[in-house]
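I opened my notebook to look up a few things in this structure, from the whole chain down to single residues. Here is what I wrote down.

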Amino acid sequence: MTNHGILDGKSASEMFHNLASICRGDETLKTLIVPNDRTPFRARNPPQIKFPHQEYLSPANPSSLPTSFTPQNQTSPSPLIFSTNYDHKLFSFTPSMIISLKQKAAAAAAMDAGGTGCSSFEAIVAHLWRARSMAVFENPDAFSTVFFAVDIRSKMSPPLPVGFAGNAVVTAFATAKVEDLAEKPLSFCVDKVKEGRERVTDEYVRSAMDWLEVHRGIPATCNGNFYVSAWWKLPFGALDLGFGKLVHGGPIASGNDEFVLLLSNGSGVENDGGINVWLGLEREKMKRFMIHVFDI
């Protein structure tokens with residue numbers, strides 16, 4: 001077990017593969033020298049907060065929260081996971097489904113002079129955001145926000161060294177009115193996700209570090225909002241501790257319905273594989289979600 005403040009997914013994956021090499025007796029470490037200098041993440045003095053950073057909130061007592069994704073009024077694990085009114089499900093998106101989503105977004109974008117194509121990540125996050133918002137929110141005038149991690153290794157100036165071991169991600173976000181998410185084309189949702197990713201520049205990262213130093217905040221996953229973490233490109237499934245590759249690389253249960261994982265289906269998108277979406281919701285919300293998530 002490791003804390004995300006010490007290692008992010010990419011660094012943890014490299015650590016596990018190095019450990020697997022030792023267990024197999026290979027003695028061939030992927031990274032011989034591990035750059036782990038955290039100096040580039042040091043907050044500025046005085047702080048120079050240049051953005052509102054609505055992706056974070058500052059709880060009254062952050063040290064009392066079991067996880068960074070736990071709302072202030074909820075314990076962790078959530079009592080929902082022990083209830084018959086709560087469901088965990090794994091939704092498999094085949095390569096053809098992902099292509100269909102990207103084509104759907106591109107077709108609508110083509111009608112807009114400023115529209116562009118999108119990545120698999122942008123398409124799947126936009127689709128999940130729309131489907132989950134329609135399932136969770138009852139008020140169409142409410143605002144729904146999806147949060148997601150952005151790797152800042154290449155965003156910072158100068159870039160972090162190759163093989164950096166640490167937590168090199170910040171939270172990005174996209175927000176929109178539920179009514180717009182439901183009624184506007186998928187390209188609208190995709191563009192919002194794109195804007196969230198493009199918002200993360202070197203200056204934005206440094207402003208976020210200053211904000212967190214001052215406010216000690218956590219991701220604002222509350223009031224129906226949620227966080228998506230993309231694990232499908234992390235080679236956890238290729239781990240071999242000497243007994244063969246893993247059958248499953250991911251969680252079994254979670255106490256946070258505000259946290260959604262994108263997992264590899266075993267092949268990986270780069271190998272024309274699909275994406276497994278792992279999430280939990282209250283049962284009635286899950287029923288509504290299932291209606292919308294398969295509307296591709």
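**Whole chain**

I began with the surface: the accessible surface of the chain comes to about 15300 Å², by the Shrake-Rupley method with a 1.4 Å probe, where for residues only the protein chains shown count as cover. Carbon and sulfur atoms hold 54% of that surface.

Before going on, I noted that this is a predicted model, where local features need pLDDT of at least 70, side-chain atom pairs count only at pLDDT 80 or more, and totals for chains, interfaces and linings use all residues. Residues are numbered from 1 along each chain as its sequence is written, and side-chain values use heavy atoms, with hydrogens and water left out.

How many helices and strands does the chain have? I found seven helices and eight strands. These are DSSP runs numbered from the N terminus: helices are H or I with at least four residues, strands are E with at least two.

Next came burial. Of the 296 residues, 44% count as buried; that means under 20% relative accessible area, with exposed over 50% and partly exposed in between (1.4 Å probe, protein chains only).

I also looked at contacts, meaning heavy atoms within 4.5 Å. Among the contacts with a separation of 6 or more, 78% are between residues 24 or more positions apart.

**Helix α3**

I checked the length of α3 against its residue count. Its 17 residues should span 24 Å at 1.5 Å a residue, and the end C-alpha atoms are 24 Å apart, which agrees. The expected span is 1.5 Å times one less than the number of residues.

Why do I call α3 largely enclosed by the rest of the structure? Because 16 of its 17 residues are buried.

S120 sits in this helix. S120 counts as buried, at 12% relative accessibility.

Two packed helices are described by the angle between their axes and the distance between the axes.

**Helix α6 and what follows**

I repeated the length check on α6 (residues 202-215). Its 14 residues should span 20 Å, and the end C-alpha atoms are 20 Å apart, which agrees.

Buried residues in α6 include D202, Y204 and W211. What do the buried residues of α6 pack against? They pack against β1 (56-57) and β4 (169-177).

R216 follows α6, in the loop between α6 and β5. Its phi is near 50°, a positive value in a residue other than glycine. R216 counts as exposed, at 51% relative accessibility.

**Loop between β5 and β6**

Is T221 buried or exposed? T221 is buried, with a relative accessible area of 2%. T221 lies in the loop between β5 (218-219) and β6 (226-230). N223 is placed in the loop between β5 and β6 too, but N223 counts as exposed, at 67% relative accessibility. N223 also has a positive phi of about 55° although it is not a glycine.

Most residues other than glycine have a negative phi, and most peptide bonds are trans. I noted a cis peptide bond between N45 and P46, with omega about 5°. Another cis bond joins S157 and P158, with omega about 0°.

P158 lies in the loop between β3 (143-151) and β4, and A165 is found in the loop between β3 and β4 as well. A165 counts as buried, at 15% relative accessibility. Leaving out residues up to four places away in sequence, A165 touches L7, S11, V34, P35, N36 and R38. My last entry: A165 and K10 are 155 residues apart along the chain, with their C-alpha atoms separated by 8.2 Å.
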